[in-house]
Amino acid sequence: MSTEQEHPKKAFGWAARDSSGVFSPFKFSRRETGDKDVMFKVLYCGICHSDLHMAKNEWGISTYPLVPGHEIVGVVTEVGSRVQKFNVGDKVGVGCMVGSCTSCENCTNNLENYCPEWILTYGAKYYDGTTTYGGYSDIMVANEHFVVRIPETLPLDAAAPLLCAGITTYSPLRYFGLEKPGMHVGVVGLGGLGHVAVKFAKAMGVKVTVISTSPNKKEEAIEHLCADSFLVSRDEDQMQAAMGTLDGIIDTVSAVHPLLPLIGLLKSHGKLVMVGAPEKPLELPVFPLLVGRKIVAGSGIGGMKETQEMIDFAAKHSITADIEVIPMDYVNIAMERLLKGDVKYRFVIDIGNTLKSTL
């Protein structure tokens, strides 16, 4: 076990400087490795759709320069003197958060993701007042509580997106009781979140129907992802025939879309769980909820205990994201393609081999 550093560590990454969302090389400092901190060399970082929202300040909370990335994996290079869970050389990851108050009801129940004082991995203020920087960078420092161990059997590049897309879909399947074998679950949207939701649900023994506006995704959903059936949401005949057949739905769509047809697909006591984040409010018809005691709910990532559970489940069932690995200097083109939905299904930046300090 190595000792803590005496000085902040120089770091290098790519940052957006303003709401144009254009990325360029950026030098900054990581904090010194505290006694409960883990420092690791970043090898891969997934690109989440929220990185695009944040880079362009579409949620109105961005501060610049912004170094995104919350699907971060790598190898430990240094640990603090009181670190107990990790050693130098371990494969690890950091997801969407790097801090919380540790004492509220949510934190004490392993739900740090719902802590009112949670600290996002990038674009937030850390305890010491500094800005948090994400995984589009060469090194990462985080408190060991917010670090996940990546099992040896999972490839690091394809495991990275599980730290956001994986836990975002795994958690609601578990919490809302939609993981019981024989249940019938719908997944709306076959993108970064949706394709992982299908994989987790199938591994849990659940019957899965993919619901999409794109008929051309049917073959992919059934042949590649092994979904049991496919519905084109714009096809009224198909939707009518499937009315009242689903125990639950995981809705991953982040664009504005009608909820009424989805509510109609639910059985009585069915649950429509939103995990996408549309920029504008959706219209929620109440009467269809009353007739059948149906629920519309939301879910946001998961706590650290559940995130580790999810990664271990993924390793056991050989679940990874479908990825396109890209070099760091391709990030601006990747963001343009992401905006058009032109990726199957997650970009992952090869930080370890392609991030070059050129400043």
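These legends describe close-up views of a predicted model.

**View 1. Helix 4 is largely enclosed by the rest of the structure.** Helix 4 covers residues 165–175. The buried ones are Ala-165, Gly-166, Ile-167, Thr-168, Thr-169, Tyr-170, Ser-171, Pro-172 and Leu-173. What lies over them? The cover includes strand 10 (184–188), helix 5 (192–203) and strand 13 (246–251). Strand 14 (266–274), helix 10 and strand 17 are also among the covering elements. Just after helix 4 comes Gly-177, with a positive phi of about 70°.

**View 2. Helix 4 crosses helix 10.** Helix 10 is made of residues 304–316. The two axes come within 10 Å and cross at roughly 100°. Angles of 65 to 115 degrees count as roughly perpendicular, so helix 4 is roughly perpendicular to helix 10. Which residues make the contact? Helix 4 supplies Gly-166, Ile-167, Tyr-170, Ser-171 and Arg-174. Helix 10 supplies Glu-306, Thr-307, Glu-309, Met-310 and Phe-313.

**View 3. Val-208 and Thr-209 sit in strand 11.** This strand spans residues 207–212. Val-208 has 0% relative accessibility, so Val-208 counts as buried. Thr-209 has 3%, so Thr-209 counts as buried too. Leave aside neighbours within four places in sequence, and Val-208 is in contact with His-184, Val-185, Val-187, Val-198, Ala-201, Lys-202, Ala-227, Asp-228 and Ser-229. With such neighbours again left aside, the contacts of Thr-209 are His-184, Val-185, Gly-186, Val-187, Ser-229, Phe-230, Leu-231 and Leu-246. How far is Val-208 from Thr-354? They are 146 residues apart in sequence and 38 Å apart in space, C-alpha to C-alpha.

**View 4. Val-286, Phe-287, Leu-290 and Val-291 form a nonpolar surface patch.** The patch has an area of about 440 Å². Where does Val-291 lie? Val-291 is in the loop between helix 9 (287–290) and strand 15 (295–298). Exposed means over 50% relative accessible area. Val-291 has 52%, so this residue is exposed. Arg-293 lies in the loop between helix 9 and strand 15 as well. Its relative accessibility is 64%, so Arg-293 counts as exposed. Look also at the backbone: Arg-293 has a positive phi of about 45°, although it is not a glycine.

**View 5. The loop between helix 1 and strand 4 holds Asn-57 and Pro-65.** Helix 1 covers 49–55, and strand 4 covers 72–79. Most residues other than glycine have a negative phi, and most peptide bonds are trans. Asn-57 is not a glycine, yet its phi is positive, at about 55°. With 28% relative accessibility, Asn-57 counts as partly exposed. Further along, the peptide bond from Tyr-64 to Pro-65 is cis. Its omega is near 0°.

**View 6. A cis peptide bond joins Lys-344 and Tyr-345.** What is its omega? The value is about -15°. Tyr-345 lies in a loop. That loop runs between helix 11 (331–339) and strand 17 (346–350). Strand 17 is also among the elements that cover the buried residues of helix 4.

Notes
Residues numbered from 1 in each chain as written. Predicted model: local features only at pLDDT ≥ 70, side-chain atom pairs only at ≥ 80, totals over all residues. Heavy atoms only, no water. Patch = residues over 30% accessible without salt bridge, like charges linked within 9 Å, V, L, I, M, F, W, Y side chains within 5 Å. Areas by Shrake-Rupley, 256 points an atom, 1.4 Å probe, with all protein chains shown as cover. Salt bridge = Lys/Arg side-chain N within 4 Å of Asp/Glu carboxyl O. Helix = DSSP H or I, 4+ residues; strand = E, 2+ residues; numbered from the N terminus. Buried < 20%, exposed > 50% of the residue type's maximum accessible area, 1.4 Å probe, protein only. Axes fitted to C-alpha atoms, helices over the stretch in contact; angles between N-to-C directions. Parallel < 35°, antiparallel > 145°, perpendicular 65-115°, else oblique. Contact = heavy atoms within 4.5 Å.
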